[in-house]
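Please read the model below with its sequence at hand. The report after it goes from the whole chain to single residues.

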Amino acid sequence: MPRPHKYGAKAATVGAEKFSSKREARRFIDLQLLARGGEIRDLRRQVKILLKGANGPILTPTGRKASYVADFVYTDCRTGAEVIEDAKGFATPEYKLKRAILAAQGVTIVEV
């Protein structure tokens with residue numbers, strides 16, 4: 001039996017896609033509808049974004065490059081802007097730190 005999620009999230013499945021939370025699964029359905037309606041395009045899931053500092057990539061204590069994994073990335077057809085979304089129920093300290101680093105890189109995360 002799988003271990004329960006630390007923050008109470010319940011895993012969900014939509015078609016063949018597996019999600020770490022019901023919130024993320026519901027948002028995926030909404031985004032698919034927006035894509036079919038032509039409001040967004042190039043919808044991608046679990047997109048890795050490297051975290052960079054003033055002197056290059058930020059490294060973890062084990063020497064790996066630190067990264068943030070966005071729940072969804074897509075292009076807004078009205079503005080042409082790339083949108084990075086995170087379906088957040090609870091903002092962990094680690095997420096807040098990564099969000100601040102990305103903001104310093106000029107990347108904004110839309111929380112839904």
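Predicted model: local features only at pLDDT ≥ 70, side-chain atom pairs only at ≥ 80, totals over all residues.

Residues are numbered from 1 along each chain as its sequence is written, and side-chain values use heavy atoms, without hydrogens and water.

**Whole chain**

The chain has two helices and eight strands. Helices (H or I, at least four residues) and strands (E, at least two) are DSSP runs, numbered from the N terminus. Their order along the sequence is β-β-α-β-β-β-β-β-α-β. Along the principal axes, the C-alpha atoms fill a box of roughly 45 × 45 × 20 Å.

Of the 112 residues, 31% count as buried. Buried means under 20% relative accessible area, exposed over 50%, and partly exposed in between (1.4 Å probe, protein chains only). The chain exposes about 7700 Å², and carbon and sulfur atoms supply 54% of that area. Accessible areas come from the Shrake-Rupley method with a 1.4 Å probe; for residues, only the protein chains shown count as cover.

Contact means heavy atoms within 4.5 Å. Among contacts between residues at least 6 apart in sequence, 48% join residues at least 24 apart.

**Strand 6 and its partners**

Strand 6 spans residues 67-76, and nine of its 10 residues are buried. Two strands pair if DSSP finds at least two bridges between them. Strand 6 runs antiparallel to both partners in the table.

| Pair | Bridges | Example of bridge partners |
|---|---|---|
| Strand 3 (residues 40-50) and strand 6 | Eight | I40 and D76 |
| Strand 6 and strand 7 (residues 82-86) | Four | Y74 and V83 |

Strands 6 and 7 form a hairpin with five residues between them. G80 sits in the turn and has a positive phi of about 80 degrees.

D76 belongs to strand 6. Is D76 buried or exposed? D76 is buried, because its relative accessible area is 14%. Leaving aside neighbours within four places in sequence, D76 is in contact with E39, I40, A81 and V83.

D42 is placed in strand 3. Its phi is near 60 degrees, a positive value in a residue other than glycine. D42 has a relative accessible area of 47%, so D42 is partly exposed.

Q46 also lies in strand 3. Q46 is not a glycine, yet its phi is positive at about 50 degrees. With a relative accessible area of 41%, Q46 is partly exposed.

**Nonpolar cores**

A nonpolar core is a set of buried Ala, Val, Leu, Ile, Met, Phe, Trp, Tyr and Cys residues joined through side-chain atoms within 4.5 Å. The largest has 13 residues. Those with the most contacts inside it are I49, L51, Y68, A70, I84, L102 and I109. Strand 3, strand 6 and helix 2 (93-104) each give two or more residues to this core.

A second, separate core has 10 residues, including A12, A25, F28 and V83. V83 is also the bridge partner of Y74 and a contact of D76.

Which residues does I109 touch, not counting those up to four places away in sequence? They are Y68, I84, E85, D86, Y95, R99 and L102.
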